Amino acid sequence: MVNYKDLGLVNTREMFAKAVDGGYAIPAFNFNNMEQLQAIIKACAETKSPVILQVSSGARKYANQTLLRYMAEGAVEYAKELGWEHPQICLHLDHGDTFELCKSCVDFGFSSVMIDGSSLPYEENIALTKKVVDYAHQYDVTVEAELGVLAGVEDDVVAEESHYTKPEEVIDFATRTGCDSLAISIGTSHGAYKFKPEQCTRDPKTGKLVPPPLAFDVLEEVEKRLPGFPIVLHGSSSVPQEYVDIINSHGGNLPDAVGIPEDQLRKAAKSAVCKINIDSDSRLAFTAAVRKVLAEKPGEFDPRKYCGPARDEMTKLYKHKIIEVLGSDGKAE
Ligand code: G3H
Ligand code: 13P
Ligand code: ZN
């Protein structure tokens with residue numbers, strides 16, 4: 001048994017309480033490799049932003065959970081080396097799907113876990129979530145749960161259509177499970193294709209897709225019923241058009257990729273939403289930078305020469321999110 005406190009990590013409790021009070025959101029960035037982790041930590045150290053490092057099942061399969069955990073431990077020391085005196089770094093399991101997986105993360109030094117029972121019938125979601133909460137809380141590990149279904153594909157959780165969270169269920173769910181935060185469905189989804197073209201309108205000038213607004217009425221109803229309770233938004237990448245254009249003009253093919261406009265996320269960050277999940281945007285930044293270097297320098301074969309620029313681009317992206325979208329800069333001095 002490894003306790004996350006011995007690794008210099010923190011759980012989400014205090015981060016979320018401050019974020020709810022302060023009207024901003026904590027960035028939850030997924031990581032799968034060293035360059036991504038370096039970029040996240042550099043961006044957070046330079047902006048003094050608290051951060052949640054997320055490990056998905058895909059990341060565990062790709063990079064190995066043990067290695068990722070040690071990397072997160074190393075990240076705390078790296079942050080201090082960069083001059084961030086009191087790093088506020090949480091290591092979080094993203095979309096945990098079984099009690100056993102959540103338990104193994106708690107036992108191994110994660111400071112927060114998500115149990116995603118959103119695809120289960122309501123009572124089964126409650127039972128599974130409660131079981132995880134009862135275990136995790138013994139070690140002061142915080143637990144995120146999910147109610148409502150996001151459209152799109154997330155590892156093993158596949159949903160054709162989204163079902164918005166039913167506000168009338170949230171009090172019962174939060175009370176009976178004891179979860180520390182709740183992911184809700186209000187129209188976001190995972191990946192770089194968040195809306196079908198037929199769900200969008202087209203900007204007559206650019207021909208680009210303009211997505212429909214998020215269901216802020218559902219969010220407000222949830223907030224009314226659970227005042228001050230930490231709400232989480234998954235699937236919150238914006239799919240920056242400049243990255244899509246660089247990718248497409250350097251041999252890529254991402255037709256009609258579309259994300260959540262940043263003004264919608266800014267509005268959400270000021271509300272009870274205190275954790276915003278971003279993964280796809282970092283993948284796009286990485287891919288755009290790599291494609292550009294390889295297209296411009298076909299003779300390059302040193303991975304540091306294209307992963308380095310990719311890391312710089314991701315750092316820029318993370319800082320932009322922190323400062324311009326979430327408002328979490330300066331909140332972990
Ligand atoms: O929830 C989805 C995240 O973007 C993780 O995706 O399972 O491909 O790592 P992944
Ligand atoms: P995006 O695919 O929009 O980046 O969402 C990531 C996410 O929700 C991870 O849990
Ligand atoms: Zn997610």
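These exercises on a predicted model come with worked solutions. Local features need pLDDT of at least 70 and side-chain atom pairs pLDDT 80 or more, while totals for chains, interfaces and linings use all residues. Residues are numbered from 1 along each chain as its sequence is written, and chains are lettered from A and ligands numbered from 1 in the order in which they are written.

**Exercise 1. Describe the shell around ligand 2.**

Step 1. A residue is near a molecule if its C-beta atom, placed from the backbone, lies within 6 Å of it. The shell has 13 residues, and the closest are His234, Ser237, Asn277, Asp279 and Ser280.

Step 2. Strand 3 (89–96) and strand 12 (273–278) are the elements that give two or more residues to this shell. Helices (H or I, at least four residues) and strands (E, at least two) are DSSP runs, numbered from the N terminus.

Step 3. Ala, Val, Leu, Ile, Met, Phe, Trp, Tyr, Cys and Pro count as nonpolar, Asp, Glu, Lys and Arg as charged, and the others, Gly among them, as polar. The shell then splits into ten polar, two charged and one nonpolar residue.

**Exercise 2. Describe how helix 2 (34–47) meets helix 4 (residues 65–81).**

Step 1. Two packed helices are described by the angle and the distance between their axes. Here the axes, lines fitted to C-alpha atoms over the stretch in contact, with angles from 0 to 180 degrees between N-to-C directions, come within 10 Å and cross at roughly 35°.

Step 2. Contact requires C-beta atoms, placed from the backbone, within 7 Å. Met34, Leu37, Ile41 and Ala45 of helix 2 meet Met71, Ala75, Tyr78 and Ala79 of helix 4.

Step 3. The residues of this contact are eight nonpolar, no polar and no charged.

**Exercise 3. Characterise Lys48 and Asn64.**

Step 1. Most residues other than glycine have a negative phi. Lys48 has a positive phi of about 55°, and phi of Asn64 is near 85°.

Step 2. Lys48 lies in the loop between helix 2 and strand 2 (51–55), Asn64 in the loop between helix 3 (57–63) and helix 4.

Step 3. A residue is buried with 20 or more other C-beta atoms within 10 Å of its own, exposed with 12 or fewer, and partly exposed in between, C-beta atoms being placed from the backbone. Lys48 has 19, so Lys48 is partly exposed; Asn64 has 12, so Asn64 is exposed.

Key:
Two residues are in contact if their C-beta atoms, placed from the backbone, lie within 7 Å.
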